[in-house]
Amino acid sequence: MSFHLHKFPLLSRSGVMERLIAEASEEGEEKCSICLPDIPGGAKTFELVAKFCYGVKLELTASNVVYLRCAAEHLEMTEEYGEGNLITKTETFLNQVVLRNWKDSLRALQTCDDIISYDDELNVTKRCIESLAMKASTDPNLSGWPIMEYGGPMQSPGGSVLWNGISTGARVKNTSSDWWYEDASTLSFPRYKRLIAVMESRGIRQEIIAGSLTFYAKKYLPGLNRCQGATDTNSSTCVAPVALESPPSEEDQKLLLEEIDRLLPIQKGLVPTNFLFGLLQTALILRVSPSYISNFEKRIGMQLDQATLEDLLIPNFSCSMETLYNVDCVQQILEHFLAMDQITGGASPSLVDDGQITASPSLTPVTLVAKLIDGYLAEVASDVNLKLPKFQALAASVPDYARHLDDGLYRAVDIYLKSHPWLSESEKEQLCQLMDCQKLSLEACTHAAQNERLPLRIVVQILFFEQLQLRTSITGCLLVSDNLDGSRQSGLAGPTERGWASTARENQVLKVGMDNMRTRVSELEKECSNMKQEIERLGRVKSFTWGNVSKRFGFKLKSRMCSAQEGSISNQNTESRKNEKLKDRQGQHKKNST
């Protein structure tokens with residue numbers, strides 16, 4: 001752009017302009033023409049500089065002060081060429097106005113991307129970042145930094161907002177620690193990265209840093225919003241990032257994802273687990289380096305006990321598409337969790353004197369993960385492409401002591417057998433060996449005893465342990481009842497009396513149930529004896545006696561006894577009809593012979 005200006009206003013304010021005009025005048029040309037190719041801010045900034053040289057009052061703002069400060073430095077507009085020159089004016093405005101206000105410091109920092117060559121000399125970027133870091137690391141309710149933008153520039157000692165020195169009575173609105181997340185996300189990532197580094201050096205809490213990084217990643221990584229449905233539902237104070245009109249390219253997203261991995265704190269619980277799963281899925285989609293994928297898996301493994309089943313259902317983005325979900329990734333996450341748990345000593349069960357494993361208070365995360373993996377196995381078991389070794393490896397990775405009951409594992413095994421009916425008997429038995437029949441509940445045992453998909457050997461084991469469990473439970477209840485009676489006779493009373501009373505009530509309920517069962521058995525025996533007398537009275541065949549029936553069928557199970565009784569009654573009725581017909585024929589033959 002060409003500017004037609006007078007020489008004297010320019011050379012009287014700028015050392016560079018003075019030299020260039022002198023050199024152009026020595027050439028003897030009538031028109032003095034000079035070229036300024038490297039003016040910071042371009043032609044728009046030079047127009048403001050020219051107005052200042054002509055004595056026009058400039059309107060300095062946070063958006064143009066950085067360009068004017070760098071342009072004044074480039075043109076050598078120092079105090080030697082006039083009092084109150086442009087360098088002094090812009091420096092004063094920058095220090096006394098811009099750097100004291102959060103929004104103005106942010107706007108000035110956003111304009112620093114174009115003055116990189118002057119950054120080391122003037123330190124404008126550094127000063128803006130330090131100003132922002134100082135305000136973000138200070139309690140906003142005490143310092144009132146957001147008040148400069150939202151509530152007014154002045155505040156009374158009592159906390160009310162002042163207007164022209166008069167108290168308005170309006171109280172300053174309290175803000176949370178995440179008030180600056182949205183503003184910081186408007187910065188380019190190099191500036192944002194420097195801001196985070198300065199904040200960490202000033203001792204700002206790691207959870208605040210992690211929250212800001214989470215907000216920034218959600219804004220510039222569109223895949224995170226698709227991977228997470230309700231990330232901030234538990235945090236009512238966290239603002240949601242505004243989606244971009246034009247998302248970054250895949251290469252920029254890769255670089256951002258790698259930088260986020262470097263900046264995120266490693267401590268457990270600082271970053272939401274579902275956000276980490278979103279980063280992992282985005283990394284798998286963008287096909288970033290395997291080392292970064294492994295880092296995300298390790299981060300998730302540290303807090304796997306805080307995950308949900310929906311988080312584990314990671315789609316398989318590989319080209320082969322062997323399975324619907326990425327089971328290998330979950331396997332790696334589980335291994336990282338178990339390794340970390342063993343290092344911290346949280347997964348090792350304690351042994352008592354009688355050799356039984358007792359659950360320690362730190363065993364809870366392992367138990368939660370075991371329940372989570374069982375639910376995941378039940379979800380992926382219906383995939384017909386899931387191979388048996390991969391299913392077995394994931395199920396066997398969970399330690400035995402982590403499962404108090406194997407009901408969840410039995411459900412997963414049953415679904416896998418139903419979805420893979422072509423498995424051989426040996427493969428079915430090998431799969432069922434993952435379960436511990438002694439750790440199945442009564443409901444699971446009842447279902448398993450009637451499950452036709454299970455191998456016969458497994459069903460027999462389940463029935464055996466079910467009977468053993470019932471016997472142990474009844475014996476334990478009787479022992480508790482005896483101890484309770486003894487403690488009552490000795491007159492012992494203490495804080496455990498309520499526990500004994502509840503145990504006694506449970507024992508009483510069991511006794512009532514057993515009495516009802518005995519009554520039912522006696523009623524069935526009476527019915528059996530009545531049926532026997534009825535059969536003998538009707539004149540059954542001698543060879544078909546009650547003893548032969550009992551020896552042949554037996555009456556160990558009630559269902560078989562009832563079926564045998566029904567069959568005998570039907571046979572008996574048939575024989576009685578035949579005898580009556582035979583008697584009628586004999587009487588009629590006698591009448592005819594007479």
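Q: What makes N123 buried, exposed or partly exposed?
A: This is a predicted model, and the value is computed from it. N123 has a relative accessible area of 34%. Buried needs under 20% and exposed needs over 50%. The 34% of N123 falls in between, so N123 is called partly exposed.

Q: Where is N123, and what is its phi?
A: N123 sits in the loop between α7 and α8. Its phi is positive, about 60 degrees, although N123 is not a glycine.

Q: Why is E76 called partly exposed?
A: The relative accessible area of E76 is 32%. That lies between the 20% and 50% cut-offs, so the label is partly exposed. E76 belongs to the loop between α4 (65-74) and α5 (86-96). Phi of E76 is near 60 degrees, a positive value in a residue other than glycine.

Q: How do you know whether S131 is buried or exposed?
A: S131 has a relative accessible area of 7%. The limit for buried is under 20%, so S131 is buried. S131 is placed in helix α8 (residues 124-136).

Q: What makes the pair S131 and S105 a polar contact?
A: The side chains of S131 and S105 come to 3.3 Å. The cut-off for N or O atoms is within 3.5 Å, so the distance qualifies. Leaving out residues up to four places away in sequence, S131 touches L99 and S105.

Q: Why is Q253 called buried?
A: Its relative accessible area is 10%. Under 20% counts as buried, so Q253 passes. Q253 is part of helix α15 (residues 250-263).

Q: What does Q253 touch, and what does its side chain reach?
A: Not counting residues up to four places away in sequence, Q253 touches Y220, L221, P222, P248 and L286. The side chain of Q253 reaches the backbone oxygen of P248 at 2.9 Å. Q253 and V288 are 35 residues apart in sequence, with C-alpha atoms 9.8 Å apart in space.

Q: How do you know that the span of α12 agrees with what a helix should give?
A: Helix α12 (residues 189-201) has 13 residues. The expected span is 1.5 Å times one less than the number of residues. For α12 that gives 18 Å, and its end C-alpha atoms are 18 Å apart, so the two agree. After α12 comes G203, whose phi is positive, near 85 degrees.

Q: Why are the buried residues of α12 placed on the same side?
A: In α12, the buried residues are F189, R191, Y192, L195, I196 and M199. They cover an arc of only 155 degrees around the axis, which puts them on the same side of α12. On the other side of α12, P190 and S201 are exposed. The cover over the buried residues of α12 includes α6 (102-110), α7 (116-122), α8, α11 (181-184), α13 (206-220) and α15.

Q: What makes the buried residues of α5 line one face?
A: Buried in α5 are L86, I87, T90, E91, F93 and L94. Viewed down the axis of α5, they fall within an arc of 165 degrees, so they line one face of the helix. Among what covers them are α3 (42-53), α4 and α8.

Q: Which residues have the most contacts inside the largest nonpolar core?
A: This core has 112 residues, and W180, L279 and L304 have the most contacts inside it. Helix α20 (residues 364-380) gives the most to this core, with nine residues. Apart from this core lies another, of 17 residues, including V16, F52, A71 and L86. In soluble globular proteins, nonpolar side chains tend to be buried together.

Q: What is the makeup of the whole protein?
A: The protein has 28 helices and four strands. Of its 594 residues, 39% are buried.

Q: Where does pLDDT stay under 50?
A: One such stretch is residues 541-546, for which the model has eight contacts beyond four places in sequence. Over residues 548-570 the pLDDT is below 50 as well, and this stretch has 16 contacts beyond near neighbours in sequence. The protein averages a pLDDT of 77, and 69% of the residues score at least 70.

Conventions:
Residues are numbered from 1 along each chain as its sequence is written. This is a predicted model: local features need pLDDT of at least 70, side-chain atom pairs count only at pLDDT 80 or more; totals for chains, interfaces and linings use all residues. Side-chain values use heavy atoms; hydrogens and water are left out. Helices (H or I, at least four residues) and strands (E, at least two) are DSSP runs, numbered from the N terminus. Buried means under 20% relative accessible area, exposed over 50%, partly exposed in between (1.4 Å probe, protein chains only). Contact means heavy atoms within 4.5 Å. A polar contact is a pair of N or O atoms within 3.5 Å; within protein, one must be able to donate a hydrogen and the other to accept it, and residues adjacent in sequence count only if both atoms are side-chain atoms. pLDDT is the predictor's confidence in each residue, from 0 to 100. A nonpolar core is a set of buried Ala, Val, Leu, Ile, Met, Phe, Trp, Tyr and Cys residues joined through side-chain atoms within 4.5 Å. The arc is that of the directions from the helix axis to the C-beta atoms.
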